[in-house]
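Visitor: I'm new to this one. Could you put it up and walk me through it?

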Amino acid sequence: MAKKYYVVWAGHDTGVYDSWEECQLQTQGFPGARYKGFSTLEAAISAYRNESRADDMAVISAIAARPAVTTNYSALPGINMNAICVDAACSGNPGPMEYRGVDLSTGRELFHFGPIGGATNNIGEFLAIVHALAMLEKEGRSGVTVYSDSRTAQAWVRDRHARTQIKPSAANAAVRDLIRRAETWLQTHTPRNPVVKWPTEEWGEIPADFGRK
């Protein structure tokens, strides 16, 4: 039987799951549960993100109505504008997680992965850093700094090992596969880009922040 992935839009815990059993756990006994199976992880993530964004339009509109806050990052002492900022967000611990990378100089989103179920914020921060390093190596951009506000994720990258405490389960099988792939990349490559702590207390929230605190 071909592998399937399941999106739960309305359930005990929404997100993307890689087994029918986990999908059932999230939807059984939940009034108005909504879910659907997909043949690939990419299709499931895309479907979850697209509908979730539509559901969030009221929130987005409210945020857009607020006065815009613009930060002149180039004026901050010690900052390197030739950089990518990464961050992650997770609903629950564990729960659905997503991460992204943003070009510091332009504010443009360079990549955005997730949400995917069964993860933690530290896992997302770790995967985001490795994603940025792999992308920069592929593009031959060795002089670009990677900023992250997570000391834990930076330590995992230095150790080339994600010291997560999540217990293996059907709900986090896809996440654990991503972690293994990230660790393998770190163990078989020598990153040429510095990974630097973003000093939130001095510079404010990292530009890749999801704004959900």
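Guide: Start with helix α4, where Ile-123, Gly-124, Glu-125, Phe-126, Leu-127, Ala-128, Ile-129, Val-130, Ala-132, Leu-133, Met-135 and Leu-136 are buried. Buried means under 20% relative accessible area, exposed over 50%, and partly exposed in between, with a 1.4 Å probe and protein chains only. Helices (H or I, at least four residues) and strands (E, at least two) are DSSP runs, numbered from the N terminus.

Visitor: Where do these values come from?

Guide: This is a predicted model, in which local features need pLDDT of at least 70 and side-chain atom pairs count only at pLDDT 80 or more, while totals for chains, interfaces and linings use all residues. Residues are numbered from 1 along each chain as its sequence is written, and side-chain values use heavy atoms, with hydrogens and water left out.

Visitor: Back to α4. What span should its 19 residues have?

Guide: At 1.5 Å a residue they should span 27 Å, and the end C-alpha atoms are 27 Å apart, which agrees. The expected span is 1.5 Å times one less than the number of residues.

Visitor: And what follows α4?

Guide: Gly-140, with a positive phi near 70 degrees.

Visitor: Now the strands. Which way do the residues of β7 point?

Guide: Thr-145 and Tyr-147 point one way, Val-146 and Ser-148 the other, and all are buried. In a regular strand the side chains alternate between the two faces of the sheet.

Visitor: What does β7 pair with?

Guide: β7 runs parallel to β4, joined by 4 bridges, and Cys-85 stands opposite Tyr-147. β7 also pairs with β8 (residues 195-197) in the parallel sense over 3 bridges, where Ser-148 has Lys-197 as its bridge partner. Two strands pair if DSSP finds at least two bridges between them.

Visitor: Which residues does the "binding site" annotation cover?

Guide: In the unreviewed UniProt entry, it covers Asp-87 and Asp-209. They span 123 residues in sequence, yet no two of their C-alpha atoms are more than 5.6 Å apart, so they gather at one spot. UniProt positions are in the numbering used here, feature names are shortened, and annotations may be inferred rather than shown by experiment.

Visitor: Are those two buried or exposed?

Guide: Asp-87 lies in strand β4 and counts as buried at 2% relative accessibility. Asp-209 sits in the segment after α7 and, at 16%, counts as buried.

Visitor: What is Asp-209 in contact with?

Guide: Leaving aside neighbours within four places in sequence, Asp-87 and Arg-100. Contact means heavy atoms within 4.5 Å.
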